[in-house]
Structure formats: C-alpha cells, structure tokens
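Me: Please take me through this structure by asking, for each label, what value lies behind it. I would like each answer to set that value against its definition.

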Amino acid sequence: MRDYAVSTAVLDFPSSKFLFGVAFQEMNHRSLLLIVSFSPLVALCAVVQSGRSDGDYFELEKIPVPATNDAGSQATFRIVGGKADRASAPLAVLNDGLIPRGEDDPSRNFFFAQGSEGGLILADLGKSIEVASVATYSWHYGSRAAQRFALYGSNLEKPELPKWPAVPGGGWSLIEKVDTSKAGAGQHGVLMSGKDQKSLGKYRHLLFAVKPNLSKGHFNETFFSEIDIIDAKGPKVIRIEKPNLIVKKFPSKSGKFTYTLNSIEAPDLADWAEKELIPVMDKWYPKIIEMLPVPGVKPSTEITFTMRPAKNLPKNLSGVPAYASGASVVFNADFMRKELAGEAIGAGIHEVVHVVQFGSRDKEGQMTRGKPLPVWVTEGAADYIRWFLFEPEKKGARITRGNFGRASHDSSYRITAHFFDWVIKNYDKDLMRHINQSIHEGYQEEIWKEWTGKTLKELGAEWKEANRKALGL
Ligand SMILES: [Zn+2]
C-alpha cells in the first residue's frame, strides 16, 4: 500500500480510495446493494445476490461507466506473463472504449487461459503521468464475472518484469489488491482512486497481476471488459454513452406486468419498440391472458423483447420474423425494419400468444412448457388471435381461389387460423380457451368431439366444403 491506510471501519464510499460495485442482474435485487467486509489482503469484497438478465450497461453503484478517452485508451497493453485463452478477444478490447454486447461475449472480453494461473498484463502509459484512478470492468453471467488481481505501478522507464507467477520486485509498488469473488455473477466494476482527491501516484507503467477468481464454478478466469486509467492532468473524461433506450424496463399500465426491451444489437429499433410495440403488447397481453385462462396456471408477469439482427439469430431461425421461448420474444431486426408499418406488430401479437401458451408458471412457480400438441394447433391459435382478433381489417388469413387447393385444416398458421375462425363461429365459441387448456392438461385428437360434437376430420371436411361454396368452385 502506498501512502494511505485501508480503512477497517464500515466503508465510507466518498472518502474511500477504493470503491466497488456490482450491477445486479435482476433489477428487483438492486435494493440488496452491497455487503462489505475486509480482510488483510483484500481491501473490500462484496456479497451480492446473483442473477441473470439479458444485459445491462455497467450502471454500477458509485462507479462511473467506462471512459473512452482516458490515458488507458492511449496506453499499450501487453501480456507479460501467462497466456490468453484461445477463445479470448485480443488484449485491445481492454482499452477500446467498447463494452461487451451481452453477458457472455468472448469477442469483447479478455481472459487468461482456462485452468491456468492467470497472468500479467502490462499497461505502458507512454510517459509518466499522475494516475488519478484506475477502473476495471468485467461481465459474465457466471463464475467468470469476478475480478481478482493485484495492481502494481512503476515510474521507471524500463522496470524489471517478474517471472509470473512471482511477485513484482524492485521498481514496482503495490497499489491495491482486489477480489470481488464473493459478489456473484453479473457486471463488476472496481474503481481505485487516491484518497482525498489525490492521485494514486506518478507512474509510467501499471501491472495487473491477475489470478483466477474464487467464484464457484469451473471457469474462473475473469472476463475483463475494459480498463480505464485516468490521468489527473488529462482532458475532461468522456464516458460511453448510456444508451437509455437499449435495455429498458417498462411497467404495464395495470402495474401487473413488466416488459424488458433489449435492443443492444439493434439500437435503431429501440425508439420504435418503446413507442409503438410495447404499448400494443401491453394492451394485448392481458387481453390474451383473459381469453385463455387455465386453472392453476399463472401467465408470466414479465416478458423480454429482444431485437436481434438475422445474422445473430440461431441458423435455423434466421429466416423467421420472430420467435418465442418461454417468456422471451426475439424479433428478427432485419424483418422488423422492413415491416415497421406492416407485419412487425402483428408478429409480436403472434409471439405473445406463444408466451401465454408456453411461458406460464405452475403453482410451484416453475415455467410450464406444456404437453405435446400438434404444432399446427398452437401456431393456428397464435395466428387466429393475430389475424381475426388483433388485426381483422388486414384480412391476412383468407382462403382464396389461389390457396384453396392446398388448404387443409392442419396447414398451420393462417390457414388453420381460418379454420379455427370457422369452428368458433359454427361449433365452439370457446375454442381458443379449450386449445390453451389442452396445452396444460393434455391433447388428443378425440378431444375435438368433446369440444364441437364432431371429429376433427368431419370439421375439416365441412370447412373445406364451406370454402368451396363461398368461392363458387
Ligand atoms: Zn408461432
């Protein structure tokens, strides 16, 4: 330690030279804040509730978001001990002013080889500067989030480098030791700054002696996202812009639901999604829930909407407009952009029906994925609600002379939606509710007789015949 003592009293953030913060992955855990403790080697460590979310932007307690024009951005970073992991991004990600795009983004994080003993990162500042503060940022959904390192400084032009894992010797002074292993998963940030607004000292080089962290889990090499080195006499610090609209939570009008919008990968759609998409989803999600009640099954109170470019979608899904998994809806951003005034919102309605179908929770609070059901039935139901209830004026599910030949009740999507509309008008006004119930209580084809008094085959033939007549064929 240099010219200050580490307080052993309760942490006083403003005057402490050493601040630590963790972004809680689940917003509702934010209020848990930090529990701070001391040990001789570790200035601070935090115990936090860990969780998972689709992303955040280093909005850390007491720690500013990463800088883009700090002295670190001009420094040369080199590995001088240990080896980078084969999957790690190049060291340059540490001072490029960019942060990862998600909670597991190896392309934007530097990490030492898994299973190794960590290593040494040297930052050559190019000249001796008054270092006001050093901040380190890391992000991972699991055990690779925590940071554990010692920071050394040297004002020599060519300080002797230790042979890793040996401790740096003459010419180096220990600035601080950091261990956030107890903090759990999420985004971690550590800010080291001088006491009483003084600098950390005058340095030409900084050396990060990085150890695997002590989090529970198999992989403990920290995903380092960014390192900021602030020159006390440097220009005004510019920080990454906090993209307000990128990941945002919206309470529903009723106060019963929360919608998360993740537009990290398609920021241009954030504004549209907030103003156009979410309000419609909020209007319709409760309606759909009301339409499709199942005893003992609770629809999810949260839905996440993610905008993602086609190139980042799983290969088998890169051509779809959108898809749902549990209570998460992913939109194909390329499709959305083209269809903002067309199909975009209707596609959202279709997916929200899937959220009600498969993203509900049972009495124990477990996600209920439902029982096996023919896909044409659940897709037809989603399209029925979309085309016949949400946007009937668009007449998007018609039987025409063009499609009559191949139209069968189980053709799925729009054609099945048309069939369902016909069944609802003629035989079972509760068909949507019945179908949703069968997702949770079991489905077999015979059930159609119970619902309508007719077999599915009979219904299909009758519907086809009705269409033939209507088309004058
Ligand atoms: Zn679907």
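Reply: We can begin with Val-280, which is found in helix H2, where helices are DSSP runs of H or I of at least four residues, strands are E runs of at least two, and both are numbered from the N terminus. This is a predicted model, in which local features need pLDDT of at least 70 and side-chain atom pairs count only at pLDDT 80 or more, while totals for chains, interfaces and linings use all residues. Residues are numbered from 1 along each chain as its sequence is written.

Me: Why is Val-280 called partly exposed?

Reply: A residue is buried if 20 or more other C-beta atoms, placed from the backbone, lie within 10 Å of its own, exposed if 12 or fewer, and partly exposed in between. Val-280 has 16 other C-beta atoms within 10 Å, and therefore counts as partly exposed. The C-alpha atom of Val-280 is separated by 9.6 Å from that of Gly-346, 66 residues apart along the chain.

Me: What makes Pro-299 buried or exposed?

Reply: Pro-299, found in the loop between H2 and strand E13 (302-308), has 22 C-beta neighbours inside 10 Å and therefore counts as buried. Leaving aside neighbours within four places in sequence, Pro-299 is in contact with Ile-289, Val-356 and Ser-360, a contact being two C-beta atoms, placed from the backbone, within 7 Å. Of the 473 residues of the protein chain, 44% count as buried.

Me: What makes H2 oblique to H4?

Reply: The axes of H2 and H4 come within 10 Å and cross at roughly 40°. Angles under 35 degrees count as roughly parallel, over 145 as roughly antiparallel, 65 to 115 as roughly perpendicular and the rest as oblique, so H2 is oblique to H4. The axes themselves are lines fitted to C-alpha atoms, for helices over the stretch in contact, with angles from 0 to 180 degrees between N-to-C directions.

Me: Which residues make that contact, and how do they divide by class?

Reply: Among them are Leu-277, Val-280, Trp-284 and Ile-288 of H2, together with Ile-349, Val-352 and Val-356 of H4. By class, the contact of H2 with H4 has 12 nonpolar, 1 polar and 1 charged residues, where Ala, Val, Leu, Ile, Met, Phe, Trp, Tyr, Cys and Pro count as nonpolar, Asp, Glu, Lys and Arg as charged, and the others, Gly among them, as polar.

Me: How do you know how H4 and H5 are oriented to each other?

Reply: The axes of helix H4 (residues 344-358) and helix H5 (residues 375-390) come within 9 Å and cross at roughly 130°, and H4 and H5 are therefore oblique to each other. The residues of the contact of H4 with H5 divide into 6 nonpolar, 5 polar and 2 charged.

Me: What makes a group of residues a nonpolar core, and how many residues has the largest one here?

Reply: A nonpolar core is a set of buried Ala, Val, Leu, Ile, Met, Phe, Trp, Tyr and Cys residues joined through C-beta atoms within 7 Å. The largest such core has 54 residues, and those with the most contacts inside it include Ile-288, Val-352 and Ala-381. Helix H2 (residues 270-291) gives the largest share of this core, 9 residues. A second, separate core of 52 residues includes Val-131, Ala-183, Ala-185 and Met-192.
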